[in-house]
Amino acid sequence: MLDRHSLGELGDSAQLLASELATNCYLHAPGPARLRLSWEGGVVRMSMWDTGRVLPGVAERSAADGAVAGTGRGLRLVGAYADDWGWYALDPNRLGVDGKIVWCELYR
């Protein structure tokens with residue numbers, strides 16, 4: 001899909017980042033999740049919504065650290081490969097939906 005929009009050079013990084021965001025949801029969130037991909041100009045943005053209340057960084061710090069650990073490095077990869085990234089909690093009283101969004105961007 002990125003090739004059709006002259007963003008093919010971002011494809012490998014976008015695939016890695018989408019996989020890491022989805023894996024974090026699978027490991028740390030209890031319910032449904034949704035990945036949204038958008039682009040404008042030379043910026044590709046991925047936003048991962050899930051129903052989990054544990055904010056990024058908290059789950060990462062609680063995972064075992066070290067070379068043999070099977071988890072705990074996902075957001076470090078996101079930080080290393082994304083040009084920008086972050087997260088925010090959703091207010092169910094304001095938006096009618098609970099959880100959080102973790103997002104990242106790649107720049108051409």
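**View 1. Cysteines and disulfides.** The structure holds 0 disulfides, a disulfide being a pair of cysteine sulfur atoms within 2.5 Å. Please keep in mind that this is a predicted model, where local features need pLDDT of at least 70, side-chain atom pairs count only at pLDDT 80 or more, and totals for chains, interfaces and linings use all residues. Residues are numbered from 1 along each chain as its sequence is written, and side-chain values use heavy atoms, with hydrogens and water left out. Cys-25 is buried at a relative accessible area of 7%, and Cys-104 is buried too, at 0%. Here, buried means under 20% relative accessible area, exposed means over 50%, and partly exposed lies in between (1.4 Å probe, protein chains only).

**View 2. Salt bridge between Arg-45 and Glu-105.** Searching the whole structure gives 4 salt bridges, each defined as a side-chain nitrogen of Lys or Arg within 4 Å of a carboxyl oxygen of Asp or Glu. In one of them, the side chains of Arg-45 and Glu-105 meet at 2.8 Å, N to O. Arg-45 belongs to strand β2 (residues 43–50) and Glu-105 to strand β4 (residues 100–107), so this pair ties together parts that are 60 residues apart in sequence. Helices (H or I, at least four residues) and strands (E, at least two) are DSSP runs, numbered from the N terminus. Arg-45 is partly exposed, with a relative accessible area of 25%, whereas Glu-105 is buried at 13%.

**View 3. Salt bridge between Asp-50 and Lys-100.** Have a look at the side chains of Asp-50 and Lys-100, which form a salt bridge of 2.8 Å, N to O. With Asp-50 in strand β2 and Lys-100 in strand β4, the pair ties together parts that are 50 residues apart in sequence. Both Asp-50 and Lys-100 are buried.

View 4. Arg-53 sits in the loop between β2 and α2 (58–62), and Asp-98 in the loop between α4 (92–95) and β4, so the pair ties together parts that are 45 residues apart in sequence. Arg-53 is exposed, with a relative accessible area of 66%, while Asp-98 is partly exposed at 23%.

**View 5. Backbone at Ser-6.** Ser-6 is found in the segment before α1 (11–28). Although Ser-6 is not a glycine, its phi is positive, at about 60 degrees. Most residues other than glycine have a negative phi.
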